[in-house]
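Thanks, everyone. I'll keep this short. Have a look at the structure first, then we'll go through it piece by piece.

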Amino acid sequence: MEKSRDAARGVKLNFMTAKGEFAFEGEYVDGGPYGDGHINDTYALTYRDGDKTRRYILQRMNTHVFPDIPTLMHNIGVVTRYLSQKIEESGGDPERETLTLVPTRSGKNYLDTDGECWRAFLFIEDTEVYQLAESAEVFGDTGRAFGLFIARLDGFDASVLGEVIPNFHNTADRYAKFEAAVKANKSGRADMVKDEIEFVRARKKYCSRVVDGIADGSIPLRVTHNDTKLNNILFDSATKKAICVIDLDTIMPGSLLYDFGDAVRFGCSTALEDEPDLDKVHFDISLYEAFAKGFLAGIGDKITEKETKMLSFGSVLMTYECGMRFLTDFIDGDVYFKTKYDTHNLVRCHTQFKLVSEMEGRLAEMDAIAARYRKA
Ligand code: ADP
Ligand code: GN1
Ligand code: MG
């Protein structure tokens, strides 16, 4: 299955051949596809070294989504080194609390074989990933971990980071791309989604608020993660604490509202991102309260008053933007996100728009929550 998919995509290496290029310790035992990401091809490999068993994560990076791999890997290298030092200083365990790259046998931090790129990390053991927030407690701790992540990077010099995907969360630019996709209608599906197109157009005014705030200096530009889905955090299986923020591909200068909003978009839903039955999809305000409380505790006094006041809007914006991206990809013919069936992107778009509508009705409550938990 894996082999024929690889062959169809014309890839040169599979994980079995790529693994030999990395400085893994011990004898290879077994391995296979792993996780539930929409972008990279991820594998988990087990090695035995004497009586020690070690696992590694091996990933074929998506060069369609990330055309500039040298910049991406540079960013990951410098950020993980910085975080590692910070974690060590605070008495933590860097190999558990941030990603650790495993170099290639020739000492590089990734492998490039004629433009096909692979990288490896230590597998962080005894951890769990959630696709749905199991409880307010778990999700609240996610908030703390993402808040702390931004706070830890507060002293990091953002100018050393390249912009991996230009305009990644520039919603105005996303809107322009959406309109271009509707016009080009590459898949011929635009007629099927007239209501969804109207939904996006009716909210066009949302698109420029954060980018304008960054441009005029009223919203601080920080080092942000930009893809703060619940399944991009590892939880310690024993303590159920969020211990490590992963998936660092999109670390770039950005707004804290992107990280807060994207986490809310995914984690405050009562159903999966691709739940086809919309009756099951709701915005859960108690999860929002838990997350906001955790996030504000994690970020401490680093957040500004304006940012605090805009957390509710950031949540709506990121959910709207993501729904618009799924819709754009559906109209483009599913060229960006991995899909498992024909209408997968459309189903994802519907869950996002349902959440947007519900959040829009609860902004005042969301604002009251943020005001309650912001550190004085
Ligand atoms: P994608 O960009 O495709 O989402 P991720 O980097 O998020 O790829 O990895 C996909 C999944 O692999 C994660 O959701 C997580 O379950 C698992 N994973 C990634 N890195 C590690 C790691 N170092 N240790 C343990 N599990 C990991
Ligand atoms: C992608 O890589 P992953 O699966 O964590 C996407 C995010 C979207 C998300 C929607 C680089 O995230 O921007 O919000 O899917 N990542 C990229 O689920 O486009
Ligand atoms: Mg991921």
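Let's start with cysteines. A search of the whole structure turns up 0 disulfides. Keep in mind that this is a predicted model.

A disulfide would need the two sulfurs within 2.5 Å. Is C322 buried or exposed? C322 is buried, at a relative accessible area of 7%.

Another cysteine, C244, is buried as well, with 1% relative accessibility. The cut-off for buried is under 20%. C244 brings us to a pair of strands. C244 sits in β10, where it is the bridge partner of L234. The pairing here is between β9, residues 233–236, and β10, residues 242–245. It is antiparallel, over 3 bridges. Together β9 and β10 make a hairpin, with 5 residues between the strands. Look at K240 in that turn: its phi is positive, about 65°.

Now to a helix, α6. It covers residues 171–184, so to speak 14 residues in all. From first C-alpha to last, α6 reaches 20 Å, close to the 20 Å expected at 1.5 Å a residue.

Which residues of α6 are buried? They are T171, R174, Y175, F178, A181 and V182. They lie on the same side of α6, because they cover an arc of only 120° around the axis. And what do they pack against? The buried residues of α6 pack against α7, residues 194–202, and α11, residues 305–332.

Both ends of α6 deserve a look. At the start, a side-chain oxygen of N170 comes to within 3.2 Å of the backbone nitrogen of A172. After the helix comes N185, with a positive phi near 45°.

Last stop: D262. You'll find D262 in helix α9, residues 256–267. D262 counts as buried, at 5% relative accessibility. Which side chain does the side chain of D262 make a polar contact with? That of R265, at 2.6 Å. Leaving aside residues up to four places away in sequence, D262 touches D227, T228, K229 and M318.

To recap. The search found 0 disulfides. The buried residues of α6 face α7 and α11 as packing partners. And buried D262 has its polar contact with R265. That's it from me. Over to you for discussion.

Methods: Residues numbered from 1 in each chain as written. Chains lettered and ligands numbered in written order. Predicted model: local features only at pLDDT ≥ 70, side-chain atom pairs only at ≥ 80, totals over all residues. Heavy atoms only, no water. Pairing = 2+ DSSP bridges. Helix = DSSP H or I, 4+ residues; strand = E, 2+ residues; numbered from the N terminus. Expected span 1.5 Å × (residues − 1). Buried < 20%, exposed > 50% of the residue type's maximum accessible area, 1.4 Å probe, protein only. Arc of directions from axis to C-beta. Contact = heavy atoms within 4.5 Å. Polar contact = N/O pair within 3.5 Å; in protein donor to acceptor, adjacent residues only side chain to side chain.
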